[in-house]
Amino acid sequence: MSDEQRPPDRSIPPNALTGPVPAVAGPVPGQGVSAAWPRWPDRPPSALTTAAREFWADRRPAASVGALACCGAVAVVAGPLTVGYRPGLGLAVLAALVWFAAMPALLRRGRRLDLATAAVSVALAAMVAVRDAGWVVGLCLLGAVGTAVIAAGAARTVAGIGLSGPSAAAASLRAVPWLRSGVVTALGGRRERLSGLLRSLALTLCLLLVFGLLLAQADRVFASYLPIPRLSRVPAQFVVGVLALVVSATLAHLSRRPPSWSELALPPGRPARRAEWLLPVVSLDVLVLAFVLVQLGALLGGHHHVLRTAGLTYAQYARHGFAQLVVVTALTLVVVAVAARRAPRETASDRLVVRVALDVLCLASLGVVASALRRVDLYVETFGMTRLRLVAITAELFLAAVFVLVIAAGLRGRASWLPRAVVLAAAAAVLGLAAVNPDARIVQYDTRAGLARQPDVSYLAGLSSDAVPAMDQLAEPLRTCLLWNAPRDGQRGLRAWNLGRSRAAALLGRTGPVDSAVSAPCAALFVGDAQG
């Protein structure tokens, strides 16, 4: 048989069963299952993950002696400044002191924008010594915390600002070993000796505190020589001191080693074709402009336009439209952001079309904001001013400022400054709300001549001490009625000083007792208000 006619050899080679076993055939004895199978290559960590790991691991260098001294001083004075006193000047001073350890880093690196934001944070916290209204103070303190972590973390982008809260929380944990390493470095070879001294002092204080309280309770004469009221504040002062130490160290370390969130850049979006991008944006432009043109009748017609509308009352016109217009305004900002990211910018004509289309949308949205403000104005003119309505007006004015900033960014051709500018605009809105003394404005507005209904005396009587100067300017018997029910909170020392409470105490001190000839009409006012 020739080679061409011989069938192919299909037998198994002799070394097929004795050769090396491939890795995929199963586990190799003695090496475990993981060594038998091929391993996929590890995926490289994302830029965000890398930045988070670097931020958490960065605890060097150790805290300097100056930083330790500033943080320690803040911890010592924090308790005596605030514990046992109403929020006032003491808390405002403490809010400024926690920045002392962070100032060298901000000044040394020339971070002027962060310094300005830190100053805004201190100004917001200072409102606790100016206003007595709890809701105003709460808004200011929230704004102070937000601007503080943004300034210390050098957040300049949307991602950096959004992650500033988690960054501050992580930095508070990272600052503890930073302080500990600073103390160890500063002590050097004297560490053991000082540790023994501190243990001895702690034991001495505990013994004196326990035995002193027991002996004071056993004998009143002995107790009269001891500062028992102040001793009772020691636990709270210790807790406040620890919190102030952590806050000061967090701001200091965050200012020296800020996270790199703001350096992360989003991957460029895929540009859409001009027709794909322009059709929805121009359609939205036309829709919003049509709405604004229809609203011109309401803006110019005022009360008569609303009353002529069939089945439409002031309450329906304001309530049923205001919330929707706020949502439209917020969604427009989202549309502008997405459209600006996907817009084609290859040619000069592309850039011109993008600028015109988005600027028209922003200008039309300002008309939507004006319509929302007019709706609130119509409602307030009829039913009076309240705290919630003041907040709504402030929020709409802030949204209008955001649209103006967006238009300015479009005209300048770059928007890297826009996120921080929006933050400062929000802080300015809160500061402006506190500066106008909203409780006093409510009294002035709701008691003016021409209001369609009688003022809500019970609501006005529940306002804070900030409204007392405005109450003092009213006609009788309403003046005495409101002053009679005004809060009379006495000031207890400089640490509890507050401008609103101080002015109210001075005016109420001159008012004296309520005349019986006025008390009867005053009671009638409250009864009539309750029945109405």
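## The lining of the largest cavity

The residues lining the largest cavity divide into six nonpolar, four polar and no charged (Ala, Val, Leu, Ile, Met, Phe, Trp, Tyr, Cys and Pro count as nonpolar, Asp, Glu, Lys and Arg as charged, and the others, Gly among them, as polar). They are Val149, Gly153, Ala155, Gly160, Ser164, Ser167, Ala168, Leu254, Pro259 and Trp261. Helix H8, residues 164-187, gives the most to this lining, with three residues (helices are DSSP runs of H or I, at least four residues, numbered from the N terminus).

The largest cavity holds about 50 Å³ of space, and the count of cavities of 30 Å³ or more comes to one. Here a cavity is a set of points on a 1 Å grid over the protein atoms alone where a 1.4 Å probe fits but cannot get out, and lining residues have an atom within 4 Å of a point. A volume is the space filled by probe spheres set on the points.

## About the model

This is a predicted model, in which local features need pLDDT of at least 70 and side-chain atom pairs count only at pLDDT 80 or more, while totals for chains, interfaces and linings use all residues. Residues are numbered from 1 along each chain as its sequence is written, and side-chain values use heavy atoms, with hydrogens and water left out.

## Helices H6 and H18

Now for a pair of helices. The axes of H6 (residues 134-152) and H18 (residues 418-435) come within 10 Å and cross at roughly 155° (axes are lines fitted to C-alpha atoms over the stretch in contact, and angles run from 0 to 180 degrees between N-to-C directions). H6 and H18 are therefore roughly antiparallel to each other (angles over 145 degrees).

The contact (heavy atoms within 4.5 Å) is made by Trp135, Val136, Leu139, Cys140, Thr147 and Ile150 of H6 and Arg420, Val423, Ala427, Val430, Leu433 and Ala434 of H18. By class, this contact has ten nonpolar, one polar and one charged residues.

Technical notes: Helix = DSSP H or I, 4+ residues; strand = E, 2+ residues; numbered from the N terminus. Parallel < 35°, antiparallel > 145°, perpendicular 65-115°, else oblique. 1 Å grid on protein atoms, 1.4 Å probe; cavity = no way out; pocket = protein on both sides within 12 Å on 5 of 7 lines; lining within 4 Å.
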